[in-house]
Amino acid sequence: MNTTDNLIPRPSHVALLDGPAFTLAPTARITAADATAPVAEQLASLLRRGTGFELPIAEDTRPGDIALELMEAFDGGPEAYAISVTDDGVRLTASTAAGLFNGVQTLRQLFPASLEGTDPSAGTWTIPAVEIADAPRFAYRGLMLDVARSFFTVEEVKEQIDVMTQFKLNALHLHLTDDQAWRIEINDPGSAGNPSGLPYAQLTAIGGQGAVEVPTAVPARGRHGFYTQQDFRDIQAYAATKNVLVIPEIDLPGHVNAALAAIPQLNPDGQAKPMSTTAEVGWSTLTADLPATYEFVREVLNQLAAITVGPYLHIGGDEAHVTGHDDYVAMVQQFVRIGAETGKAVVGWNEFAAVELPEGAVIQYWHGDFEPTVRQAGNNGSQVIMSPAATTYLDQKYTSDSPIGLSWVEGGPFTWSEYYNWDPAQGGLQDHQILGVEGPLWTETVRTNQQAQWLLYPRAVSLAEVAWSGQEVRNAGDFRRRLGALGERLAMQGVVFQEAPDVEWSAKPEYPFAAATASSEKYGTIEV
Ligand code: TNX
């Protein structure tokens with residue numbers, strides 16, 4: 001089987017050469033200069049695990065080696081890379097470590113799927129002679145994990161990062177707060193910085209204990225927990241080694257019941273709200289004419305900005321159904337200013353395009369009227385992250401009898417093809433106005449990484465190709481064939497995926513819901 005046909009996402013240029021193929025020999029080495037060493041180490045450990053070869057890192061290149069090189073001259077943007085394979089060796093070049101990392105993901109797929117096994121197999125590790133030149137269509141290629149409805153540990157988040165990066169996804173948006181829970185530690189500032197004496201430590205002491213409860217989920221109640229600030233730094237540091245940027249979200253001014261339960265002063269009557277487990281949305285709000293509201297948001301965003309490596313802070317803005325329009329505008333207008341004053345670019349769900357956005361703001365379009373998003377993008381250059389629910393929402397059921405997932409979005413079923421057959425440049429938006437594409441995984445019904453993976457894959461692979469590959473090289477029939485071939489790799493990695501019936505899978509996944517499916521006749525629709 002010619003593995004150059006199976007690359008996913010599909011590269012911009014792949015040219016098979018006439019010459020003889022390259023075979024990785026047990027004596028081969030990975031060569032790298034200092035700056036490329038961490039990526040070379042990652043490639044080496046992947047290949048060592050699969051082949052059992054020693055594959056030392058060396059500085060000088062000999063015939064038969066895999067060479068990684070940073071080359072400033074390479075054209076195609078910071079994440080571009082080129083691979084040249086001859087019987088003499090493999091050469092991977094890029095102008096940044098990120099580019100090399102992307103190239104390593106391609107190189108990995110150029111070897112036979114058995115490379116992904118954890119037992120070194122006695123394979124023949126051959127790659128056809130080929131030239132590849134590749135660069136992403138969009139800079140931001142993301143997934144969102146809702147750790148508020150149900151918690152995911154630091155280890156679990158790292159596992160999700162491990163899987164997503166092989167598809168060159170490079171952004172992980174963490175939805176850290178919601179009605180049911182608050183998942184990020186906010187320290188009590190000294191009294192000077194806390195005029196109203198707000199008990200910030202209660203956000204996680206009380207809010208960290210919360211989770212959603214949905215009878216059809218298995219188990220019904222979500223998991224609780226929270227990230228210390230150090231945990232959050234750890235996640236980001238790990239993500240950075242895999243070319244992933246973390247975007248933290250504090251959802252404001254709706255989706256705030258956990259904060260209202262932890263901090264009595266945020267309520268007009270000064271009484272803490274009870275914690276809640278309902279999956280319903282749009283029923284909580286901050287209060288526009290309470291000074292504590294702004295003091296709170298400033299402290300939280302300042303602390304979050306201080307521990308966030310990336311340039312973005314997501315401030316939510318969605319579904320503030322019980323916030324009057326004027327109050328919404330008054331609050332969000334302040335929040336975007338406070339966010340911008342931290343030095344970060346603010347990101348918000350498209351509802352927040354109702355206010356005047358500061359320079360560099362990013363609008364995440366998910367649902368509803370597209371016009372304000374397109375207008376703001378045209379007027380002040382705000383870029384857009386495209387997450388239209390019907391083509392990116394990874395929490396939606398595959399079919400009405402899916403054991404987990406929600407089903408409020410119209411236009412389903414939502415399989416790999418619905419998430420593949422769309423172009424982010426729509427409604428008059430042009431590519432340069434689009435920062436990228438993100439698939440959100442809301443977790444009302446998701447409790448474990450396996451359940452998450454089942455909803456994510458293969459749909460997140462569709463999104464990865466939509467975000468990476470130009471329209472001109474995309475083709476649904478060809479993608480379906482490549483998905484089929486990918487099955488074997490995913491299965492060998494132990495990644496759970498939905499066995500889409502219209503794909504000829506090269507291997508079947510372990511299906512994690514056998515017990516759950518048998519005991520649950522019907523999984524109800526959750527109204528949102
Ligand atoms: C809407 S999408 C929400 C979330 C829910 C999700 C369920 C968005 C910005 N808000 O609060 O979890 O639907 O699909």
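This is a predicted model: local features need pLDDT of at least 70, side-chain atom pairs count only at pLDDT 80 or more; totals for chains, interfaces and linings use all residues.

Visitor: Which element supplies the largest share of the lining of the largest pocket?

Guide: At least two lining residues come from each of α1 (37-51), α2 (97-110), α3 (154-164) and α13 (476-493). By class, the lining has five nonpolar, nine polar and six charged residues. The largest share, four residues, is that of α1.

Visitor: What is the volume of the largest cavity?

Guide: A search of the whole structure gives two cavities of 30 Å³ or more. The volume of the largest cavity is about 140 Å³.

Visitor: Which residues are the closest to the centre of the largest cavity?

Guide: The lining of the largest cavity divides into eight nonpolar residues, one polar and five charged. Of its 14 lining residues, the closest to the centre are Glu319, Trp366, Trp408, Trp442 and Glu444.

Visitor: Which element gives the largest share of the lining of the second largest cavity?

Guide: The second largest cavity has a volume of about 50 Å³ and is lined by Leu143, Met144, Leu145, Gln160, Met164, Leu172, Leu441 and Leu456. The elements giving two or more residues to this lining are β10 (140-146) and α3. The largest share, three residues, comes from β10.

Visitor: Why does the pair of Trp366 and Tyr393 count as stacked?

Guide: The whole structure contains 17 aromatic pairs. Planes under 30 degrees apart count as stacked. The ring centres of Trp366 and Tyr393 are 6.2 Å apart and their planes stand at 10°, so this pair is stacked.

Visitor: How many residues apart in sequence are the parts that Trp366 and Tyr393 tie together?

Guide: Trp366 lies in the loop between β15 (362-365) and α9 (371-380), and Tyr393 in the loop between α10 (389-392) and β17 (434-441). The pair therefore ties together parts whose separation in sequence is 27 residues.

Visitor: Is Trp366 buried or exposed?

Guide: Buried means under 20% relative accessible area. The relative accessible area of Trp366 is 6%, so Trp366 is buried.

Visitor: What kind of aromatic pair do Trp366 and Trp408 form?

Guide: Trp366 and Trp408 are 6.0 Å apart centre to centre, with 75° between the planes. Planes over 60 degrees apart count as edge-to-face. The pair formed by Trp366 and Trp408 is accordingly edge-to-face.

Visitor: Which residues form one aromatic cluster?

Guide: Tyr393 is buried at 2% relative accessible area, whereas Trp408, at 22%, counts as partly exposed. Both belong to one aromatic cluster, made up of Trp349, Trp366, Tyr393, Trp408 and Trp442.

Visitor: Which residues make up the covered face of strand β9?

Guide: In a regular strand, side chains alternate between the two faces of the sheet. In β9 (residues 130-134), Glu131 and Ala133 form the uncovered face. The covered face consists of Val130, Ile132 and Asp134.

Visitor: Which residue stands opposite Ile132 in β9?

Guide: Strand β1 (residues 13-16) pairs with β9 in the antiparallel sense over four bridges, and His13 stands opposite Ala133. Strand β6 (residues 81-86) also pairs with β9 in the antiparallel sense, over five bridges. The residue opposite Ile132 is Ile83.

Visitor: Is Pro274 buried or exposed?

Guide: Pro274 is found in the loop between α6 (257-262) and α7 (291-307). Its C-alpha atom is separated by 13 Å from that of Ala211, 63 residues away along the chain. Exposed means over 50% relative accessible area. With a relative accessible area of 63%, Pro274 is exposed.

Notes: Residues are numbered from 1 along each chain as its sequence is written. Side-chain values use heavy atoms; hydrogens and water are left out. Ala, Val, Leu, Ile, Met, Phe, Trp, Tyr, Cys and Pro count as nonpolar, Asp, Glu, Lys and Arg as charged, and the others, Gly among them, as polar. Buried means under 20% relative accessible area, exposed over 50%, partly exposed in between (1.4 Å probe, protein chains only). Two strands pair if DSSP finds at least two bridges between them. Rings of Phe, Tyr and Trp (its six-membered ring) pair if their centres lie within 6.5 Å; planes under 30 degrees apart count as stacked, over 60 as edge-to-face and the rest as tilted. On a 1 Å grid over the protein atoms alone, a cavity is a set of points where a 1.4 Å probe fits but cannot get out, and a pocket is an open set with protein on both sides within 12 Å along at least five of seven lines; lining residues have an atom within 4 Å of a point. Grid points are joined across faces, edges and corners, and a volume is the space filled by probe spheres set on the points.
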